[in-house]
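The sequence and structure are shown below.

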Amino acid sequence: MHWANLLIGLGLASGMMIAAQGAINGRLSAAIGGPVQAATVSFCVGLTCLVIVNTLMGNRFAFSNAVSSLPWWAWIGGALGAVMVTSSALAVPRIGVAAWVSAVIAGQLLAAVLYDQFGAFGQTVRPATPLRLLGVGFLIAGVYLVRRF
């Protein structure tokens with residue numbers, strides 16, 4: 001099997017986990033006092049899992065080189081994730097998993113097309129063709145349909 005197919009499968013599985021994460025964190029939020037608390041627990045559990053995996057793999061971190069060589073925005077992924085997890089814990093109980101996930105996917109694709117178009121974050125430039133933009137438009141229309149009906 002080609003690596004690209006495995007990675008697409010990993011993407012599909014990850015998308016399924018994101019849908020579950022919103023519902024799980026929404027339930028956790030209701031039980032422990034709110035979305036920020038739920039996100040805190042979620043990140044603590046995730047950090048624990050990552051520390052265990054890194055330890056078992058014998059991984060080391062090269063922070064001394066990274067701190068001086070990386071741009072400021074390379075360090076904010078965790079903060080963006082915190083906003084995402086907190087938002088899902090807040091939104092999913094109110095609008096449902098399907099509406100939330102459809103909005104997230106549409107937002108991801110819109111941003112991805114723009115990031116590709118401008119080569120944001122050091123990525124290779126890939127033009128925002130009319131058909132790519134049409135695909136984004138269909139996803140945005142899908143968000144409306146999923147939420148409305």
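## Pockets, aromatic pairs and overall build

The largest pocket is lined by L80, G107, Q108, A111, A112, Y115, D116, A120, F121 and Q123. The model is predicted: local features need pLDDT of at least 70, side-chain atom pairs count only at pLDDT 80 or more, and totals for chains, interfaces and linings use all residues. Residues are numbered from 1 along each chain as its sequence is written, and side-chain values use heavy atoms, with hydrogens and water left out.

A pocket here is an open set of points, on a 1 Å grid over the protein atoms alone, where a 1.4 Å probe fits, with protein on both sides within 12 Å along at least five of seven lines; lining residues have an atom within 4 Å of a point. Grid points are joined across faces, edges and corners, and the volume is the space filled by probe spheres set on the points. Helix α5 gives the largest share of the lining of the largest pocket, six residues. For the second largest pocket, the lining consists of M17, I18, Q21, I24, N25 and S42, and the largest share, five residues, comes from helix α1 (residues 3–32).

| Pocket | Volume | Lining by class |
|---|---|---|
| Largest pocket | about 250 Å³ | six nonpolar, three polar, one charged |
| Second largest pocket | about 180 Å³ | three nonpolar, three polar, no charged |

In these classes, Ala, Val, Leu, Ile, Met, Phe, Trp, Tyr, Cys and Pro count as nonpolar, Asp, Glu, Lys and Arg as charged, and the others, Gly among them, as polar.

Two lining residues of the largest pocket, Y115 and F121, also belong to a cluster in which ring pairs link W73, Y115 and F121. Rings of Phe, Tyr and Trp (its six-membered ring) pair if their centres lie within 6.5 Å; planes under 30 degrees apart count as stacked, over 60 as edge-to-face and the rest as tilted. The whole structure holds two aromatic pairs. One of them joins W73 and F121 edge-to-face, at 5.0 Å centre to centre and 65° between the planes. This pair links distant parts of the chain, 48 residues apart: W73 sits in the loop between α3 (63–69) and α4 (77–95), F121 in the loop between α5 (97–118) and α6 (130–148). Y115 and F121 also pair; their ring centres are 5.1 Å apart and their planes lie at 80°, so this pair is edge-to-face.

How buried or exposed are the aromatic residues? Buried means under 20% relative accessible area, exposed over 50%, and partly exposed in between (1.4 Å probe, protein chains only). W73 is partly exposed at 31% relative accessibility, as are F121 at 43% and Y115 at 40%. F118, in helix α5, is exposed at 63%.

The protein has six helices and zero strands; helices (H or I, at least four residues) and strands (E, at least two) are DSSP runs, numbered from the N terminus. Its C-alpha trace spans about 50 × 45 × 35 Å along the principal axes. Of its 149 residues, 18% count as buried. Among contacts (heavy atoms within 4.5 Å) with a separation of 6 or more, 55% are between residues 24 or more positions apart.
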